[in-house]
Amino acid sequence: MVITSLAMMLSASTVLAQPSEEDIGAAAEAFSHGQRAELAHDYARAAEFYELADDLAPRPEPLRSAAKNRLAAGEQATAATRALELQRRYPDSDASRRLAAAILDETAASLTRVRARCDRPCVLSADGQAIADERALSHVFFLDPGEHAVVASFEPGQQHTLPVEGTAGADAELRFVAPVTTSADSEVVPGEVAPDDGRPAKPPPTGVRRLSPVYFAIGAVVTAGLGGATIWSGLDVLDQDRIYNDEPTKARYDQGRSAERRTNLLIGFTAAAGVATGVVAAFTYWKGAKSRRRAAGHRRYRVAVTASGVGVRF
């Protein structure tokens with residue numbers, strides 16, 4: 001049972017300073033699944049489980065195993081990118097340094113090393129696959145030779161795409177700039193009248209319709225809720241897989257397949273909700289809402305996803 005894009009979803013949805021005991025237990029189980037897949041020579045599947053373990057409870061061991069199995073699966077660009085991550089995250093680990101150096105010595109000459117800089121913290125994807133899901137101003141990664149489209153994502157609805165022509169042994173430099181939006185306090189929407197008597201700014205004229213921030217808040221809550229359900233469902237798939245491996249039966253296999261299909265559907269729904277929320281954000285009239293809150297003396301708030309669930313922070 002393959003968990004499609006589950007590792008990416010967990011990394012994007014679970015933002016904790018320290019892994020919980022539940023996460024550590026799930027990471028250990030995912031690591032065990034990775035070991036079994038590796039022994040069966042299913043290296044791509046093993047790498048997915050090791051990456052899932054690293055997302056749940058970051059440690060050098062699962063990241064090293066993920067890099068080795070990506071290489072064994074023939075995914076040189078991903079293996080080399082994992083090697084760079086080992087060097088960055090664990091510079092004091094001798095085992096991590098040795099493995100990273102060995103992988104880079106074997107692969108770098110046949111790949112394109114890309115150095116990307118963003119004017120604001122961003123996450124990156126190439127050809128629809130996540131490259132770096134940690135927001136940062138700079139990223140270094142590898143691509144296979146050929147044509148690629150690299151996308152930098154900033155705030156919801158803010159993206160900048162650049163083409164890359166991959167050449168073996170070459171270096172590439174990318175500079176991404178966040179699109180200008182109407183969400184900045186200092187910017188006036190065309191047609192908006194900004195009074196200096198303390199009154200709220202007038203909304204845009206008819207024909208430049210904007211949405212209330214309430215719609216964006218609803219979309220964010222729905223997306224976060226679906227993301228939480230996806231994480232639960234993915235962990236349930238791991239549990240069903242363990243039960244099936246302990247005592248393989250047709251009924252348990254069917255239960256595991258059903259859980260996997262449910263997880264894939266939830267991933268699709270979560271992604272769709274995220275895209276829809278991003279579109280809503282692009283058409284939201286942020287400045288008017290901020291002005292009204294200031295005029296009414298209200299505090300600012302934001303929707304936040306925490307370890308205990310979804311809430312509104314003031």
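Helices (H or I, at least four residues) and strands (E, at least two) are DSSP runs, numbered from the N terminus. This is a predicted model, where local features need pLDDT of at least 70, side-chain atom pairs count only at pLDDT 80 or more, and totals for chains, interfaces and linings use all residues. Residues are numbered from 1 along each chain as its sequence is written, and side-chain values use heavy atoms, with hydrogens and water left out.

**View 1. The whole chain, before we zoom in.** You'll find nine helices and seven strands in the chain. Of its 314 residues, 39% are buried, buried being under 20% relative accessible area, exposed over 50% and partly exposed in between (1.4 Å probe, protein chains only). Take the contacts (heavy atoms within 4.5 Å) between residues at least 6 apart in sequence: 60% of them join residues at least 24 apart.

**View 2. R82, a buried arginine in helix 5.** R82 is found in helix 5. R82 has a relative accessible area of 16%, so it counts as buried. Skip the residues up to four places away in sequence, and R82 touches E51, L63 and A67.

**View 3. A79, also in helix 5.** A79 sits in helix 5, and with a relative accessible area of 0% it is buried. Leaving aside neighbours within four places in sequence, A79 is in contact with A67, R70, L71 and I103. A79 and A100 are 21 residues apart along the chain, and 9.1 Å separates their C-alpha atoms.

**View 4. Helix 5 meets helix 6.** Helix 5 (residues 76–89) packs against helix 6 at an angle of about 145°, with the axes 9 Å apart. Here axes are lines fitted to C-alpha atoms, for helices over the stretch in contact, and angles run from 0 to 180 degrees between N-to-C directions. The crossing of these two helices is left-handed, meaning the near helix is turned anticlockwise from the far one by less than a right angle (clockwise would be right-handed). On the helix 5 side, look for Q76, A79, A80, A83, L84, L86 and Q87; helix 6 brings S96, L99, A100, I103, L104 and T107. Sorted by class, that contact has nine nonpolar, four polar and no charged residues. For the classes, Ala, Val, Leu, Ile, Met, Phe, Trp, Tyr, Cys and Pro count as nonpolar, Asp, Glu, Lys and Arg as charged, and the others, Gly among them, as polar.

**View 5. Helix 4 alongside helix 6.** Helix 4 (residues 60–72) and helix 6 (residues 94–107) pack at an angle of about 20°, their axes 11 Å apart. That makes helix 4 roughly parallel to helix 6 (angles under 35 degrees count as roughly parallel, over 145 as roughly antiparallel, 65 to 115 as roughly perpendicular and the rest as oblique). P60, R64, A67, K68 and L71 of helix 4 make the contact with A95, S96, L99, I103, E106 and T107 of helix 6. By class, this one has six nonpolar, two polar and three charged residues.

**View 6. S93, in the loop between helix 5 and helix 6.** S93 lies in that loop and is buried, with a relative accessible area of 16%. S93 and P60 are 33 residues apart in sequence, but 8.1 Å apart in space, C-alpha to C-alpha.

**View 7. The disulfide of C118 and C122.** A disulfide (a pair of cysteine sulfur atoms within 2.5 Å) joins C118 to C122, with S to S at 2.0 Å. By this rule the count comes to one disulfide. The torsion about the S-S bond of C118 and C122 is about 45°, so the disulfide is right-handed. Both C118 and C122 are buried.
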